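User: I am new to this structure and would like to go through it step by step. Could you take my questions in turn?

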Amino acid sequence: MGKTFLSVGILLFGIILAAAQENSMSDEGGRVLALENVWNRALEAKDVKGLNTLLANTFLSVEIDGSVSSKNEFLASIKSPDYEASQAVNEQSSVQVYGNAAVVVGVFRIKGTEKGKPYVHRERFVDTWIKLNGAWQCVATTSTLMTAK
């Protein structure tokens with residue numbers, strides 16, 4: 001009887017611990033998705049300081065044309081007078097949290113002007129976030145231009 005009670009207790013403890021971890025992962029996923037929205041607002045406002053805090057120093061961006069930008073290059077492109085985003089929004093996104101790492105996959109729509117020409121892009125993206133010193137930062141992003149159907 002005592003061993004059965006102990007086994008049931010250990011099993012229940014394991015279930016409670018797993019549920020707590022799942023809630024914690026869900027909370028972390030919500031935080032990362034909120035940061036994705038902060039990123040979009042920063043693009044619209046050309047808030048390079050805000051973006052600087054969201055992006056890790058080792059950040060790399062694989063652009064829709066296949067080129068690769070460092071953090072400094074990415075921020076410089078946002079600061080450029082030729083860049084003006086009037087709307088940046090995630091149409092859909094999902095997040096998977098793996099401890100101190102998270103991967104967001106979604107569809108991003110951006111509307112604006114670049115070099116005087118208006119554009120609307122829909123892109124499928126993958127962002128990789130790492131929790132560094134207690135704060136989430138994006139370390140990599142890649143996007144692919146989606147053609148209209």
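This is a predicted model: local features need pLDDT of at least 70, side-chain atom pairs count only at pLDDT 80 or more; totals for chains, interfaces and linings use all residues.

**Salt bridges and core**

User: What is the N to O distance where the side chains of glutamate 28 and arginine 31 meet?
Analyst: A salt bridge is defined as a side-chain nitrogen of Lys or Arg within 4 Å of a carboxyl oxygen of Asp or Glu. The side chains of glutamate 28 and arginine 31 meet in such a bridge, with an N to O distance of 2.8 Å.

User: Is glutamate 28 buried or exposed?
Analyst: Buried means under 20% relative accessible area, exposed over 50%, and partly exposed in between, with a 1.4 Å probe and protein chains only. Arginine 31 has a relative accessible area of 43% and is therefore partly exposed. Glutamate 28 has 12% relative accessibility, so this residue counts as buried.

User: Which residue is linked with Glu28 and Arg31 in a network of salt bridges?
Analyst: The structure holds five salt bridges. Glu28 and Arg31 belong to a network of them, and the residue linked with this pair is Lys131.

User: How many residues apart are glutamate 91 and arginine 122?
Analyst: The side chains of glutamate 91 and arginine 122 meet in a salt bridge at 2.7 Å, N to O. This pair links distant parts of the chain, with glutamate 91 in strand β3 and arginine 122 in strand β5, and the separation is 31 residues.

User: How many residues does the largest nonpolar core have?
Analyst: A nonpolar core is a set of buried Ala, Val, Leu, Ile, Met, Phe, Trp, Tyr and Cys residues joined through side-chain atoms within 4.5 Å. In the largest one, the residues with the most contacts inside it are Trp39, Leu43, Leu51, Phe74 and Trp129, and the number of residues is 27.

User: Which residues is leucine 51 in contact with, leaving aside its neighbours within four places in sequence?
Analyst: Contact means heavy atoms within 4.5 Å. With those neighbours left aside, leucine 51 is in contact with Trp39, Ala42, Leu43, Leu75 and Ile78.

Notes: Residues are numbered from 1 along each chain as its sequence is written. Side-chain values use heavy atoms; hydrogens and water are left out. Helices (H or I, at least four residues) and strands (E, at least two) are DSSP runs, numbered from the N terminus.
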